[in-house]
Amino acid sequence: MKDIRRAARRSRRIDDLTALLLTLPLLVFMTVFFVLPIGGILKESATDPVITKNLPRTAELLSQLQWNTLPDAPLVAALGSELLQADQKGTVGAISRRLNTDVSGYRSLLTKTVSAIKRDFPLTLADMAGIDKRWSDPAYWSALKRASGTPSSYYLLAAVDLKRDDFGSVAKQPEHVATFLPILLRTLVISIVVTAICVIVTVPLSYFISNLSEKRAAIALFFVMLPFWTSALVRITGWTVLLQKDGIVNQVIQLASPGVQPLEMLYTDFSMYLGLIHLMLPFMLVPIYTAMRQVDPLTKKAALSLGARPLPAFLRVFLPQCARGIGSGCAIVFILTLGTYTTPVLLGGAGQQMLSYFISFYTNQQLNWNMAAALSVVLLIMTIIVCRLGARFFVKERAD
Amino acid sequence: MQSKILSTLVAIAALFSSPAFARDLTVVSWGGISQENQRRIYYKPFTASTGIPIAEDTWSGGLGLLSAKVSSGNPDWDIVQVERAELLIGCPDGVFEKIDWNAIGGKDSFIPAAQNDCGVGAIVWGIGLGYDTKRLPDGPKSWADFFDTKKFPGKRGLRQGPQYNLEFALMADGVPRDQVYKVLSTPKGVDRAFEKLNTIKGDIIWWTAATAATNMLNSNEVAMTSIYSSRLASANRYDGKYFELIKDGSMYNLDYWAVLRGSKHKDAAFKLISFMTGADQQAAYADANADAATRLEGIKKTNPEALKFLLTAPDRMKVALMSDDEFWADHTEELTKRFNAWAGQ
């Protein structure tokens, strides 16, 4: 009896181990390509390393400085000597770039100061004010303090148009640089509109295809999926050829009614939405079509034979059974649109850029990965919120 | 500035993409016709004379990519053709090797703008006001005309983003060429530039890819556009177009050859850069690609026939404005944000 139990336990343990081993590649994959990068992005978004790395002693002393006050002698001396070292190491550029993003003109202040400090002697505040009177303004010291903490909320706040003011409390960014919230809103609106139009187009289309015979459905699906297999760039170029002023669409219009002003379609909202919807349709169609195929056709027939009219039968009996497919289609399209980059850049105008444009801008052009990470975190949080809301909506639908 | 995670990922990607055996000296540039010309004029003759094989790659800009490669400790690229702005931000951040000017033949044999701690000037390129003389026989003469949609109706093409456009706007508004950056350094000057752009906002079509400017002129999408001089020259030369470029108030800038820090082929890389910036090679390239040479001797040797197509020929540079990338290194972020807020209004 005991032996059997032991043997059973052992075989179960082997099963567990096998299961674990089987999932191991996926686990490793998820950790390396999912958990670690996202963790890294979260960490980067709360890091502000330039000052702590290049002026370590100054940063340490700055943490004790009161907001909106002038520094004491040791802090000034530390800054003076560390700026001199930074000049020898060639890191003044990075330091001034960081401070200049916060307070315009800081770069010229540092350049002036560094060239004026001749040798390594304990500098006083009076010396510094003598080099440039801006050093006697607490605002410049507060900016330095803002930049010298790690972990830091500087970039995360900046990503939602907020900053710490010179008194250390959270305040709004000045209007001419407060651009991320409107762009975030635009990103959201574009994603919602694209998702909505995709659903409206796809539901009748997949219903139509799911009622075709197997062979015809395969042909129809082939045509729907065709754009999916061509490169995004080729498709975008195709739209450019079609939509430009002398393009095919305008030529057809000219033929039909000569004398009409050619339409301005390229590099507008219209061309951007067209490109995005074209890109996203297959992602919506596949889950909805699959869900519709799985619905028992008898349920609709039953509804009809029980006296329901065709449209209510479709909306109240058939469609709710596909809610999960519609839900996952919406989620995929919405998330993909949120992060899309190429299509708005190449088909939209300057007024249609989404948050991804700025993430790329900070990653590639400004080499400010902390800011890029903070914007990514904002995008990530927004995605999670919208998907939670969406999931609740579709789960409720199913319960009806 | 470094992301360990990203660099680890790049390292892993490099592990999978490149086999363990030695990699050839790798040169990266912008692709297209210019890279074909580089292959013909630079790479093949270099390999033929030195026996050093060269691998090529193409990129479309992005300092982030270079920085990630360098922080992996073993970059799979060696020489990259970079823009000046990338050099100015990347050099203090340690993305590039310092140039060994003795290996290149000394700083003084180059025009001043080509001399940089981290890069050797590769070409001088230009951007200016282009239009089609077939459609506008009596065309615009200046940036002021570009902003005059009554005199010259039609859409205008401009490169998306604040750089160059704010300068053009100020010049159109009457700011003398040598005062542009002085004015632009003041908040009032920035306001003035945006206000000027605002006067034709509804008529601007923004382009991003360089080919788009040529295409839009071609298809009459725009009546005039800012356009790279080499693109315009090659449209005239190879596609039989009659585009014209206004030299007054055009802008020029440089591309540089830079070596990624930690390159395993550092010596060979400097050898190749020295070869590529040789007077004969530069002159041949300027002839083929309509971008000007940077070595003084190379400028002298450039075919006079080719100079016709060069916005960046020495005498024309006198009426052009060099992009002040120091200014842009300081203000790109602020002005890009402002530009996008303005464009989205």
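Predicted model: local features only at pLDDT ≥ 70, side-chain atom pairs only at ≥ 80, totals over all residues.

The secondary structure of chain A amounts to 20 helices and two strands. Its radius of gyration is 30 Å, well over the 21 Å that the globule rule gives for 400 residues, so chain A is more spread out than a compact globule. The C-alpha trace of chain A spans about 95 × 95 × 35 Å along its principal axes.

The domain assignment divides out domain 1, covering 51-148, and domain 2, covering 180-399, and the centres of these two domains of chain A, taken over C-alpha atoms, are separated by 51 Å. As for contacts within chain A, among those between residues at least 6 apart in sequence, 68% join residues at least 24 apart.

Turning to the partner, the contact between the chains takes 37 residues from chain A and 32 residues from chain B. On the side of chain A that touches chain B, the elements giving two or more residues are helix H1 (2-45), helix H5 (92-102), helix H10 (180-210), helix H18 (342-347) and helix H19 (355-365) of chain A. Sorted by class, that side of chain A holds 15 nonpolar and 17 polar residues, together with five charged residues.

Note on methods: Residues numbered from 1 in each chain as written. Chains lettered and ligands numbered in written order. Domains from an automatic or database assignment. Helix = DSSP H or I, 4+ residues; strand = E, 2+ residues; numbered from the N terminus. Rg over C-alpha atoms; globule rule 2.2 N^0.38 Å. Contact = placed C-beta atoms within 7 Å. Nonpolar A, V, L, I, M, F, W, Y, C, P; charged D, E, K, R; others polar.
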